Amino acid sequence: MPDLTRGAPPPVLYLPRPSTWLTWHDYLIRPGMRVLDLACGEGRHALKAAQWGASVVALDDDDTKLETGREAASRLGVEVDFRSVDLTGEWPDLEDFEVVLLFNYLDRARMEDVQRAVATGGLLMMETYLDWQRALGWGPTSDDHLLQPGELARLVSPLEVLHGREVFEPIEGNKVRAVASIVAQKL
C-alpha cells in the first residue's frame, strides 16, 4: 500500500460517470470487440468500453474534448482511437463495428449512416433526451435535439429492438433527466 503521508497524493482523474444505460449493459461489451463511440465528447463511454477490453474508435468535432479524452485514456492505461470528425459533414470511411454507442446526440438525417456502422449481428446502444426534458428547465430545447415519445424505436428501424425505455431518471444531486434509451441489433 502506498504511503500517502510522503510527497504529493496520487493524481485525481475526474471523469463524468458513464450513463447508467451503458453500465447496465456492460455484459454486451466483451474484450476484443470493436466499438464505435459517435459524438463521444470527452469519451466517458469510449473509456469505459476500453476498460472492459474493447477496441474503441471515438469520434467528435470538439478537439478540446478529444484531448481531454486522450489524457484520460493515458492516465487510465487504456487505448482509445480518438478522431476529430464533424458528424454533420461527410463521414470518413469506417469499418463496421460490433457495438456502436450514441449518447446525448440526435441527428435524424444521419441514422442511416449510424446503422451502416453496425456490423451484421452487432448492436446499437443509443440514448438521448426526450421532449419531456423541456419541462425540467435544463438541457436541449430544440425540437431537432429532442425525441418524441416512441420515436427512438422508429428511428432505429429496421434494427431489432432488444431493450428500450423512456424514463425520468435521477442523476447528480437533485437533477432529473428525461431520456429514451435503446439497444437494437442488426440482423
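In the predicted model, T20 lies in helix 1, which spans residues 20-24. T20 is buried, because its relative accessible area of 17% falls under the 20% limit. Apart from neighbours within four places in sequence, T20 is in contact with R165 and E169. With E169 there is a polar contact between the two side chains, at 2.4 Å. Both contact partners, R165 and E169, fall within the range of strand 6 (160-170). The C-alpha atom of T20 is separated by 26 Å from that of A109, which is 89 residues away along the chain.

The strands form an open sheet of 7 members in the order 3-2-1-4-5-7-6, and their pairing is mixed. Strand 3 (80-84) and strand 6 (160-170) are the edge strands, each pairing on one side only. From one strand to the next, the twist averages 15°. In general, the strands of a sheet pair through backbone hydrogen bonds, and the pairing may be parallel or antiparallel.

Several of the pairings can be described one by one. Strand 1 and strand 4 run parallel and are joined by 4 bridges. Within this pair, D37 has L101 of strand 4 as its bridge partner. Helix 3 (residues 63-76) packs on the sheet and touches strand 2 and strand 3; the direction of helix 3 makes about 170° with that of strand 3. Strand 1 also pairs with strand 2, in the parallel sense and over 5 bridges. Here the bridge partner of R34 is S55 in strand 2. Together with helix 3, strand 2 and strand 3 make a β-α-β unit that is right-handed. Strand 2 is largely enclosed by the rest of the structure, because 5 of its 6 residues are buried.

When neighbours within four places in sequence are left aside, D37 is in contact with H45, A46, V57, A58, L59 and L101. Among these contacts, L101 is the bridge partner of D37 in strand 4, while V57, A58 and L59 fall within the range of strand 2 (55-60). The side chain of D37 reaches the backbone nitrogen of A46 at a distance of 3.1 Å. R165, which lies 128 residues from D37 in sequence, is 20 Å from D37 in space, C-alpha to C-alpha. R165 is also one of the residues in contact with T20.

The largest nonpolar core contains 28 residues, and those touching the most other members are L36, L38, V100, V114, L124 and M126. At least two residues of this core come from each of strand 1 (34-38), strand 2 (55-60), strand 4 (97-103), helix 4 (111-116), strand 5 (118-129), helix 5 (151-156) and strand 7 (176-185). The greatest contribution is that of strand 7, with 4 residues.

V100 provides a detailed view of the largest core. Not counting residues up to four places away in sequence, V100 touches L36, L38, V114, A117, V118, L123, L124 and M125. Among the residues in this list, L36, L38, V114 and L124 are, like V100, members that touch the most others in the core.

Helix 4 also holds Q115. Q115 is buried, with a relative accessible area of 11%. With residues up to four places away in sequence not counted, Q115 touches L155, V156, S157, P158, L159 and K186. Of these, L155 and V156 fall within the range of helix 5 (151-156). A polar atom of the Q115 side chain lies 3.2 Å from the backbone oxygen of S157.

Terms used
Residues numbered from 1 in each chain as written. Predicted model: local features only at pLDDT ≥ 70, side-chain atom pairs only at ≥ 80, totals over all residues. Heavy atoms only, no water. Core = buried A, V, L, I, M, F, W, Y, C linked by side-chain atoms within 4.5 Å. Buried < 20%, exposed > 50% of the residue type's maximum accessible area, 1.4 Å probe, protein only. Contact = heavy atoms within 4.5 Å. Polar contact = N/O pair within 3.5 Å; in protein donor to acceptor, adjacent residues only side chain to side chain. Pairing = 2+ DSSP bridges. Axes fitted to C-alpha atoms, helices over the stretch in contact; angles between N-to-C directions. Right-handed = clockwise from strand over helix to strand, strands pointing away.
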